[in-house]
Amino acid sequence: MEGTFFITLDYLKQLGACREGQREFQRVFPDGGEYQAILDRCADEGRLDFGSWLLNHIGATNDVRIYEEKIDAPNRGIIFAGDIKLKSGANVKFLFSGESIEAGEGIQAGEGIKAGWGIKAGRGIEAGEGIQAGEGIEAGWGIEAGRGIKAGCGIKAGRGIEAGKDFCVFAGLNIKKSEWPIFAVVTAKEKPTNLISGYWKQRENTL
């Protein structure tokens, strides 16, 4: 599916959109609109609630969005239904992808970071709220969240892995427990104190 997939008010009603969502959609897109254009508008207006709902109900696309320069926009969010590739890094309000998120440097979000597949950053990954990936999470530096950290497969950090106070770290959510040592390995300099699931393995060469 492509981001040009056309959405109408009747289609939103069929999906079970709330009345507020229907009203806002009709106001901004009275004749309907393309899927990705709607997600972009939700991000621009800070409506993560609407955008994430739509992403969850319609799903990922085959599109790829490449950002050549570092994004330094802490008050701006990104919701993209396909793959997000950051040649450098990003400091944004929130970062949601229907597929994967990959950054050459670090990723920082004041709110949450979520990907349908994997999240990978050359440096650190930091979110004021939760971090969630359908597959694995990997950072060259540390991984830190204000809330929980959830990965369908493994979690790998060059430094530490830290969830928010009284929140937990979950790996292997999409993997059988017997296969955790293969597909749901959690690696860092030190074991997260609140690691609930996944196979812990001390990172080699902790210097």
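**Entry 1: β5 and β7**

I began with strand β5, residues 83-86, and strand β7, residues 101-103, in this predicted model. The two pair in the parallel sense, and I found 3 bridges between them. I then looked for the bridge partner of L86 in β7, and A103 is that partner.

**Entry 2: the sheet around them**

I moved on to β19, residues 185-188. V185 and T187 point one way from the strand. V186 and A188 point the other way. Are these four residues buried or exposed? All are buried.

I checked the pairing of β19 on both sides. Strand β16, residues 155-157, pairs with β19 in the parallel sense over 2 bridges. There I155 stands opposite V186. The pairing of β19 with β21 is also parallel, over 4 bridges. In that pair V185 stands opposite Y199 of β21.

**Entry 3: helix α2**

I turned to α2, residues 19-28. G21, Q22 and F25 are buried in this helix. They cover an arc of only 100° around the axis, which puts them on the same side of α2. The other side of α2 carries R19, R23 and R27, which are exposed.

What covers the buried residues of α2? I listed β1 (6-7), α1 (9-15), β2 (33-34), α3 (35-44) and α4 among the elements that do.

**Entry 4: α3 against α4**

I looked at how α3 and α4 pack. Their axes are 8 Å apart, and the angle is about 155°. Angles over 145 degrees count as roughly antiparallel, so α3 is roughly antiparallel to α4. The crossing of the two helices is left-handed.

I then noted who makes the contact. From α3 I have Y35, I38, L39 and C42. From α4 I have F50, G51, L54, L55 and I58.

The burial list for α4 came next. L48, F50, G51, S52, L54, L55 and I58 are buried in α4. These buried residues pack against β1, α1, α2, α3, β4 (71-80) and β6 (90-97). Just after α4, I noted that G59 takes a positive phi of about 95°.

**Entry 5: N62**

I followed the chain past α4 to N62. Where does N62 lie? N62 is in the loop between α4 (48-58) and β3 (64-67). Its relative accessibility is 54%, so N62 counts as exposed; the cut-off for exposed is over 50%.

Leaving aside neighbours within four places in sequence, I found N62 in contact with M1 and E2. I also looked up the separation of N62 and G98. These two are 36 residues apart along the chain, and their C-alpha atoms are separated by 9.4 Å.

**Entry 6: D166**

I stopped at D166 for its backbone. D166 has a positive phi of about 70° although it is not a glycine. I noted this because most residues other than glycine have a negative phi. D166 is found in the loop between β17 (161-162) and β18 (169-170). The relative accessibility of D166 is 78%, so I logged this residue as exposed.

**Entry 7: I196**

My last stop was I196, in strand β20, residues 195-197. Is I196 buried or exposed? At 52% relative accessibility, I196 counts as exposed.

Which residues does I196 touch, not counting residues up to four places away in sequence? I found C168, V169 and F170. I also looked up I196 against A151, 45 residues apart along the chain. Their C-alpha atoms are separated by 12 Å.

Technical notes
Residues are numbered from 1 along each chain as its sequence is written. This is a predicted model: local features need pLDDT of at least 70, side-chain atom pairs count only at pLDDT 80 or more; totals for chains, interfaces and linings use all residues. Side-chain values use heavy atoms; hydrogens and water are left out. Buried means under 20% relative accessible area, exposed over 50%, partly exposed in between (1.4 Å probe, protein chains only). Contact means heavy atoms within 4.5 Å. Two strands pair if DSSP finds at least two bridges between them. The arc is that of the directions from the helix axis to the C-beta atoms. Axes are lines fitted to C-alpha atoms, for helices over the stretch in contact, and angles run from 0 to 180 degrees between N-to-C directions. Angles under 35 degrees count as roughly parallel, over 145 as roughly antiparallel, 65 to 115 as roughly perpendicular and the rest as oblique. A crossing is left-handed if the near helix is turned anticlockwise from the far one by less than a right angle, and right-handed if clockwise.
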